[in-house]
Amino acid sequence: MNRKAFIRWQIKNFLPFFAILLAIVSSSFFSFAFATNVAYMPYNDPAIAGAESNNSGIIASVFGLLTDGSGLSASFFSFAIVGFLYATVIPFVVYYYRYNKKASDAYGQFPAKRGEIIRIRVIIGQVMGLIVLAGIFLVGSLIILLRQVIHNVVSGESFYFEYGYFFLFFLVYVITWSMVYYFNCFACSRAHCLKNAVITVAAYQVVVSLLLIAIYTYSASLWSVLNRDGNLLPDWLFTFTPYFPTFYFGAIFSRLAYNGHTGDLSVLGSYQAIVSLLGSLLVTGGAAVGVFLDKEPSGETYGLSKPRAIQDKIGLHLAGTVFLFFIAVISSGIGTLLSIFLIAMAVVMYAGVYLLLLFIYYKNLRLTKTDWIFYAANVASALILAITMFFIFQNAFGTLHY
Amino acid sequence: MIEIRNLTKTFGETKAVDNLSLTINPGIVGLVGHNGAGKSTLFRLLSDVFTPDAGEILVEGKPHNLPETKARVFFLSDDPYCGLTDNYKDVYRFYANFYPIDFEKYVGLLDTLHLPKKGRVGNYSKGMKRQLFLALSLSVEADVYLLDEAFDGIDPLALDLIKGEIIKLGENGKTVILSSHNIASLERLVDRFILLYKGKLSKEGTDEDMGESLVKYQGVFANEVKEEDFTKLGLRVASFKKVGSIYHVVFSLNGKEEPNIEESLKPILWEKVAIDPDEVIALQMRLAEKEADHE
């Protein structure tokens, strides 16, 4: 393979798609850049405004940090959100040749290592995405700077944002965005047709989020038992997504950029925020490694709405398992018959989710011996977990209440 | 030379290629068979698009899936790929990333075929697109060319030109394997035929080999006769047709003697006639189907 020529061809091939995304993302971010309040307003001072959100939970605090203040944080927030559009859509374009029979015939016969082509495409997708995002961020930042200069000249004020934090934010953004991008690439690599890919990416997002919540709930419950603290449930579950780190760092840096005021950022150092952050980084980082270790499947699976053999069976079970564990963990803290009902419901839900995914993927509801083994093992371990938790709570608190 | 040993490929419960063993020498080979006989699957196995469930393929003694072996094998699928906005040069650039391609020959062939050089290839008609990809394939410097549904939708003039190029490749010691639904388009072009039926090798050989065991008779009978009347006599009927009052019957002898029906069926007229070469492959395909049904 003529690698250089292929890279050139591939970049040219991706250009029209990136031009469309550029238009969408830039229009969104620039509108926020134009709307940013560049004047210093004391009531927007995070030292004052941030204090109000201290006790309102992590998500309210993070989003509060992003949206109160001067509007600068709203620009960062919008940039993070539209960046996710990129991180979610590009992997579909990168992996599209696997979903198309015609393209897979061509790519499959080429005298190159199967994994090499996809790795080149993944990296080009990432680099092109980041170049476009960097361009947009640079222009957006210049718009804010220019507006601030003009405002200061006209009004005679001398308030300037700490622009160094803009670039620190972007550096962290590059890393967190890339991790989300690789996470979605990994999900796309599990699928063999476009419809299947959409479902897989969505399922991975949900599964990972729920899995993180289940881990958090379990660990937080144990933590609270050990510390004799009755506050067991996370205050807002949606912090547990692969996208959380970008918001987390967006909140920190947008506040720091606001004239160096840190306000009260202690909420970002809370147990929940750290678990969510580390969990998201771990999962997305693992997916990034998975993309590079992934062995290209044989061409006959291309274009078919079937996942790959055993590892995707595990993936399907994972989706069901997460529901099971999540409900089992929660129900274990309820010292009534309701907990038995909840666990029974979780077992049925698990089966239901698995059968639904099985039907979407394979167009049938046939359960193999492996399926039954997975199912029985997962139900058994969830029950053991729930019973253990139940007795721990009973011993610690007697009767528990959420 | 391509050696295929005990090759098997299964999709679900369907054996697309079933324990196939073959040796293909340089020259022009026609791969024929019914829809679903396994022709396209065999092409995809040979070009390493598909991975076999069992068996092996050797190209010049080396495994077919090594990058250096794949670089010498070019596969043109029945519906070739190009980018949405690609023009003829982009198509060349894309494939040239992976194969050595003689650009001058490619452009020369496009000129000879009077193909337009402006506009997207995606906007070409089916036949024009096919011609462009054939021009590209024939300009690739490979040892083995796999052309699936090679002449689909091509006009007779272009077909003649392309056949000329394929013959040149054959003369230069290259291996060209063609499949086509239009068997007549392969006649007087290929050196050998390979007939597949349900993923298995049904028959292989030259034009003459394929027609060797077949004999055709035409006759007139006083009473109505049916195909069963011949099979009851122990004859293998490849084809049985009645046009007006004349019966056209083709038998597969396979070492047996010529059919003697004079006494049993008492024809008014019964004479042996020559088989049209265009008919031979179709007859062999029909025979393969009948034998499979019989089994």
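In chain B, helix H3 (residues 88-96) packs against helix H4 (residues 103-112) at an angle of about 145°, and their axes lie 12 Å apart. Axes are lines fitted to C-alpha atoms, for helices over the stretch in contact, and angles run from 0 to 180 degrees between N-to-C directions. Helices (H or I, at least four residues) and strands (E, at least two) are DSSP runs, numbered from the N terminus. This is a predicted model, in which local features need pLDDT of at least 70 and side-chain atom pairs count only at pLDDT 80 or more, while totals for chains, interfaces and linings use all residues. Residues are numbered from 1 along each chain as its sequence is written, chains are lettered from A and ligands numbered from 1 in the order in which they are written, and side-chain values use heavy atoms, with hydrogens and water left out.

**Helices H3 and H4 of chain B**

- H3(B) and H4(B) have a right-handed crossing; a crossing is left-handed if the near helix is turned anticlockwise from the far one by less than a right angle, and right-handed if clockwise.
- On the H3(B) side, Tyr88(B), Lys89(B), Val91(B) and Tyr92(B) meet Phe103(B), Tyr106(B), Val107(B) and Leu110(B) of H4(B), where contact means heavy atoms within 4.5 Å.

**Chain B as a whole**

- Chain B has 10 helices and 14 strands.
- Its C-alpha trace spans about 70 × 40 × 35 Å along the principal axes.
- Of the 295 residues in chain B, 51% are buried, which is to say under 20% relative accessible area, with exposed over 50% and partly exposed in between (1.4 Å probe, protein chains only).
- Among the contacts of chain B with a separation of 6 or more, 68% join residues 24 or more positions apart.
- Chain B is divided into domain 1 (2-205) and domain 2 (210-293), and such bounds come from an automatic or database domain assignment.
- The centres of the two domains of chain B, taken over C-alpha atoms, are separated by 35 Å.
- Contact between these domains involves 14 residues of domain 1 and 11 residues of domain 2.

**Helix H1 of chain B**

- Helix H1 (residues 39-46) of chain B is mostly covered, with seven of its eight residues buried.
- The buried residues of H1(B) include Lys39(B) and Arg44(B) as well as Leu42(B), Phe43(B) and Leu45(B).

**Nonpolar cores**

- The largest nonpolar core has 137 residues, and Tyr95(B) and Leu178(B) have the most contacts inside it; a nonpolar core is a set of buried Ala, Val, Leu, Ile, Met, Phe, Trp, Tyr and Cys residues joined through side-chain atoms within 4.5 Å.
- Helix H7 (residues 163-189) of chain A supplies the largest share of this core, 15 residues.
- Domain 1 (2-205) and domain 2 (210-293) of chain B each contribute at least three residues to this core.
- Leaving aside neighbours within four places in sequence, Leu178(B) is in contact with residues including Ile28(B), Phe43(B), Leu147(B), Phe151(B), Ile166(B) and Val190(B).
- A second, separate core has 25 residues, among them Val17(B), Val29(B), Ala37(B) and Leu46(B).

**Chain A as a whole**

- Chain A has 13 helices and zero strands.
- Of the 402 residues in chain A, 55% are buried.
- Residues 24 or more positions apart make up 83% of the contacts in chain A with a separation of 6 or more.

**Helix packing in chain A**

- Helix H6 (residues 114-155) of chain A packs with H7(A) at an angle of about 150°, and the axes are 11 Å apart.
- H6(A) is therefore roughly antiparallel to H7(A); angles under 35 degrees count as roughly parallel, over 145 as roughly antiparallel, 65 to 115 as roughly perpendicular and the rest as oblique.
- The crossing of H6(A) and H7(A) is right-handed.
- Helix H1 (residues 3-35) of chain A and H6(A) pack at an angle of about 30°, with axes 8 Å apart.
- H1(A) and H6(A) are therefore roughly parallel to each other, and H1(A) passes H6(A) in a right-handed crossing.

**Two buried residues of chain A**

- Thr176(A) lies in helix H7 of chain A and is buried, with a relative accessible area of 5%.
- Not counting residues up to four places away in sequence, Thr176(A) touches Pro245(A), Thr246(A) and Phe249(A).
- Gly279(A) belongs to helix H10 (residues 271-293) of chain A and counts as buried at 12% relative accessibility.
- Gly279(A) and Pro242(A) are 37 residues apart along the chain, and their C-alpha atoms are separated by 8.4 Å.
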